Protein chains: 2
Amino acid sequence: MATALWELAGVEDDRLFSPYCWRIRMALLHKGLAFESLPWRFTDQAALSFSGQGRVPVLVDGSRCVHDSWDIAVYLDEHYNGRPALFECSQARSLALFVKHWCETQVHPATLRVIIGDLFDAVHPRDKAYFRQTREQRLGERLETLSQQSHSALPLFRASLDPVRPVLVAQDFLGGKGPSFADYILFGPFQWARAVSPTRLLDPDDPIYAWRERMLDRFGGAARQMRGYPVWA
Amino acid sequence: MATALWELAGVEDDRLFSPYCWRIRMALLHKGLAFESLPWRFTDQAALSFSGQGRVPVLVDGSRCVHDSWDIAVYLDEHYNGRPALFECSQARSLALFVKHWCETQVHPATLRVIIGDLFDAVHPRDKAYFRQTREQRLGERLETLSQQSHSALPLFRASLDPVRPVLVAQDFLGGKGPSFADYILFGPFQWARAVSPTRLLDPDDPIYAWRERMLDRFGGAARQMRGYPVWA
């Protein structure tokens with residue numbers, strides 16, 4: 001039976017901007033699993049009712065349905081253990097859980113403040129009211145105010161990545177010689193930004209820039225080919 | 001031939017406060033390797049000249065001499081690969097390198113600002129001038145000024161640990177079911193503080209508190225028995 005991934009999309013079906021969904025898109029490519037992309041918007045709650053919850057990514061794999069990006073990654077490695085591993089050993093999986101929480105508490109909020117105005121422009125028209133209400137409540141400011149502050153948010157975004165720079169000088173990927181699920185976790189916010197914003201997040205001499213190029217090149221340039229802005233813009 | 005560890009000590013030979021040396025003390029216990037502790041002070045530069053550099057930890061293992069805590073850990077796993085692993089696989093080692101840089105850029109500076117006054121009191125009298133000069137230069141303030149600010153530094157220390165809390169709710173150790181070198185890295189700043197300061201770093205209901213208890217209990221309570229303050233103080 002077929003494999004399908006419910007993914008958050010913007011104005012266009014292929015403007016995929018969820019950092020959580022990008023983790024799983026890259027994970028499926030890593031495992032070499034073909035899948036159908038099912039575009040979803042924030043307000044398409046009814047479409048996900050089969051999964052018992054209301055957020056993407058949701059993976060439908062034959063008769064199985066798995067949600068939550070971490071649980072999907074664990075499922076993929078356990079269910080397809082003959083294919084390239086996302087986690088090379090259980091300790092690597094445990095340490096990747098730290099990377100996940102570090103990225104979500106430090107990098108995601110810093111990214112959002114850089115791209116929020118562009119992000120609002122890119123969400124589907126029928127999602128705009130939902131997006132405005134939930135994000136203004138979460139961040140305690142009007143979107144327009146936040147958008148005006150986005151330039152000053154860029155240095156904070158770059159500083160949030162300080163712990164990762166020396167690692168990517170010492171090795172090509174967080175996972176070492178090749179990408180791990182931890183790399184796909186960190187790649188998420190970069191694709192989130194790239195899908196919606198022309199902001200130049202990184203200087204070309206930043207070691208994270210070279211890592212992102214390596215990630216964009218993987219799987220025949222799959223991530224680079226998705227709708228978004230060139231990262232050198 | 002014998003194994004010996006050069007470790008930073010304070011007023012007393014067993015007041016061991018270097019977070020880098022604690023990583024290796026715990027790593028040697030993890031590997032089940034007996035070793036002699038050689039107390040060292042910042043101003044004992046001549047004593048380390050055999051190692052070609054001037055910082056601890058330095059491991060002397062028979063005819064070999066290894067310095068830098070990361071390199072020592074890698075050496076121990078490679079040279080004693082029949083003993084319990086610090087890194088379960090190469091990907092876990094690569095991800096532990098991220099934990100190292102995260103801890104050193106986020107947790108170490110935050111810890112130092114909490115304990116700096118107590119730390120100055122605990123360094124050996126012949127190290128005090130060196131300590132004052134280097135730390136005041138690094139931090140851009142007089143030690144007395146920093147010490148007066150230490151109470152306000154505590155919330156920032158606790159916030160620096162935000163990414164680790166949900167991980168230690170989901171699993172007993174950063175490494176999963178058992179401690180990894182990443183756990184010893186994070187344990188370093190706690191032992192640094194414990195050796196010199198009565199400050200209560202964590203609330204007992206913090207999941208990191210329970211993790212620290214597990215770490216203090218390892219190896220027959222080896223870390224708890226070293227000179228320092230009870231962590232419930």
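A disulfide is taken here as a pair of cysteine sulfur atoms within 2.5 Å. The sulfur of Cys103(B) is 14 Å from the closest cysteine sulfur, that of Cys21(B), which is too far for a bond. This is a predicted model, in which local features need pLDDT of at least 70 and side-chain atom pairs count only at pLDDT 80 or more, while totals for chains, interfaces and linings use all residues. Residues are numbered from 1 along each chain as its sequence is written, chains are lettered from A and ligands numbered from 1 in the order in which they are written, and side-chain values use heavy atoms, with hydrogens and water left out.

**Cysteines**

Over all chains the count comes to one disulfide, and this bond joins Cys89(A) to Cys89(B) with an S to S distance of 2.4 Å. The torsion about its S-S bond is about -70 degrees, so the disulfide is left-handed. The pair crosses between chains, from the loop between α2 (69-79) and α3 (90-122) of chain A to the loop between α2 (69-79) and α3 (90-122) of chain B; helices (H or I, at least four residues) and strands (E, at least two) are DSSP runs, numbered from the N terminus. Both Cys89(A) and Cys89(B) are buried, where buried means under 20% relative accessible area, exposed over 50% and partly exposed in between, with a 1.4 Å probe and protein chains only. Cys21(A), by contrast, is in no disulfide, and the nearest cysteine sulfur, that of Cys65(A), is 13 Å away.

| Cysteine | Relative accessible area |
|---|---|
| Cys21(A) | 3%, buried |
| Cys103(B) | 0%, buried |

**Sheet and helices of chain A**

In chain A, four strands form an open sheet of mixed pairing in the order β2-β1-β3-β4, two strands being paired if DSSP finds at least two bridges between them. The edge strands, each of which pairs on one side only, are β2 (36-40) and β4 (64-67) of chain A, and the twist averages 20 degrees from one strand to the next. Strand β1 (residues 3-8) of chain A runs parallel to β2(A) and is joined to it by five bridges, with Glu7(A) standing opposite Pro39(A) in β2(A).

Helix α1 (residues 19-31) of chain A packs on the sheet, touching β1, β2 and β3 (58-61) of chain A, and its direction makes about 150 degrees with that of β1(A). Contact means heavy atoms within 4.5 Å, whereas axes are lines fitted to C-alpha atoms, for helices over the stretch in contact, and angles run from 0 to 180 degrees between N-to-C directions. Helix α2(A) lies across β3 and β4 of chain A and runs at about 135 degrees to β4(A).
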